[in-house]
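Thanks, everyone. Let's get the model up on the screen, and then I'll walk through it.

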Amino acid sequence: MNIKRVGIVGSGTMGSGIAEVACKNGYEVILRSRSQAGADGMVKGLEKSLGKQVDKGKLAEAERDAALALVRGVTDLEELAECDLVVESVVEDLAVKKELFAALDKICAAHTILATNTSTLPVVEMAVATERPHQICGIHFFNPAPMMGLVEVVRAITSSDETVEAALAFAQSCGKGPIEVRGAMKAGANMPMGPFALIDLVGVDVTVAILDALYAENPDPFLQPAQHLRRMLSAGRLGRKSGQGFYDYTKR
Ligand SMILES: NC(=O)c1ccc[n+]([C@@H]2O[C@H](COP(=O)([O-])OP(=O)(O)OC[C@H]3O[C@@H](n4cnc5c(N)ncnc54)[C@H](O)[C@@H]3O)[C@@H](O)[C@H]2O)c1
């Protein structure tokens, strides 16, 4: 997918940093804040930050001007309609983010990828607030975004390969070293297969039954199956045996 226009929602620390990263790397950036003062403040902040880099000899004046020419501050969410990618970085509150995703889903073009910069919230909860759950993922920049090299691309169980690939390519084109987070247990904890792949192999039904039996024997809340496992069971997403679990086995 060819990403050219990026929408940023949220004019705080992270929204401003991500906007700077995107415009410096040639993306047209539409910054959306709830107030005109917020939108203007973000653009001013960008001018100031890029100006400092020019003063320090880290950025040419022409590069600053080219980056700033790509940025527009707006208040109307509808202005994001034609973005190829929207990254939200509003307050860390699931109810606020879900409402935002539902609104963006109605406004944005069919091809638009919607991403969240959340640090802790479940991406899938935002995905299911939309009619395009396969086009939702996490793109988690670190603070300060212009300086930090790592970007975590978070694959929700609903995210398509195309969405994750586009998010990784976007972060890479911004000069970052993105990793896909679902691989962290293999790469970071040296597990031969991640815990979710293992549940898919064992079977979600079997896993729930095992945990229920353990809990009946020893009612420790940590042994209770997660709600999400029960939902997967209800939906018949049993893992490899049904073709779909945390991962999709129908195309393998
Ligand atoms: N600060 C960090 O180090 C860091 C790092 C990575 C990711 N994050 C994530 O980035 C997101 C934003 O964090 P931040 O540090 O930029 O916060 P911030 O407080 O600087 O900015 C939050 C923005 O959300 C806006 N906002 C508040 N309530 C809102 C509402 N109801 N609707 C729409 N917008 C609203 C605020 O006006 C502000 O512009 C969070 O999800 C956070 O978890 C933060």
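Predicted model: local features only at pLDDT ≥ 70, side-chain atom pairs only at ≥ 80, totals over all residues.

Start with strand 7. One face is covered, and it carries V151 and V153.

Now the neighbours of strand 7. Strand 6 pairs with strand 7 through four bridges, and the two run antiparallel. Within that pairing, H140 has E152 of strand 7 as its bridge partner. Strand 8, residues 177–180, is also joined to strand 7 by four bridges, but here the strands run parallel. V153 stands opposite E180 in strand 8. To get from strand 7 to strand 8, the chain passes through helix 6, residues 161–173, and this β-α-β crossover is right-handed.

Stay with strands 6 and 7 for a moment. What sits in the loop between them? P144 does. The strands on either side cover 136–141 and 150–154. The peptide bond joining N143 and P144 is cis, with omega at about 0 degrees. As a general point, most peptide bonds are trans.

Strand 1 spans residues 5–9, and four of its five residues are buried. Which strands does it pair with? One is strand 2, residues 28–32: five bridges, running parallel. Here G7 stands opposite I30. The link from strand 1 to strand 2 goes through helix 1, residues 13–24, and that β-α-β crossover is right-handed. Another partner is strand 4, residues 85–88, which is parallel to strand 1 and joined to it by four bridges. In that pair, V9 stands opposite E88.

V9 comes up again at a pocket. The second largest pocket has a volume of about 320 Å³. It has 13 lining residues, and those nearest its centre are V9, R32, R34, V90 and V96. By type, the lining divides into five nonpolar, five polar and three charged residues. Which helix gives the most to this lining? Helix 4, residues 94–107, with three residues.

On to the cysteines. How many disulfides are there? The count is zero. Take C83. Its sulfur is 6.5 Å from the closest cysteine sulfur, in C108, so the two are too far apart for a bond. The cut-off is 2.5 Å. C83 is buried, at a relative accessible area of 0%. C137 is in no disulfide either: the nearest cysteine sulfur belongs to C174, 13 Å away. Is C137 buried or exposed? It counts as buried because its relative accessibility is 0%.

One more loop. A60 lies between helix 2, residues 36–55, and helix 3, residues 61–69. A60 and L50 are ten residues apart in sequence, and their C-alpha atoms are 9.6 Å apart in space.

Last, the whole chain. It has ten helices and eight strands. Of its 252 residues, 42% count as buried. The C-alpha trace spans about 65 × 35 × 35 Å along its principal axes.

That's my tour. Over to you for discussion.

Methods: Residues numbered from 1 in each chain as written. Heavy atoms only, no water. Buried < 20%, exposed > 50% of the residue type's maximum accessible area, 1.4 Å probe, protein only. Pairing = 2+ DSSP bridges. Right-handed = clockwise from strand over helix to strand, strands pointing away. 1 Å grid on protein atoms, 1.4 Å probe; cavity = no way out; pocket = protein on both sides within 12 Å on 5 of 7 lines; lining within 4 Å. Points joined across faces, edges and corners; volume = space filled by probe spheres on them. Nonpolar A, V, L, I, M, F, W, Y, C, P; charged D, E, K, R; others polar.
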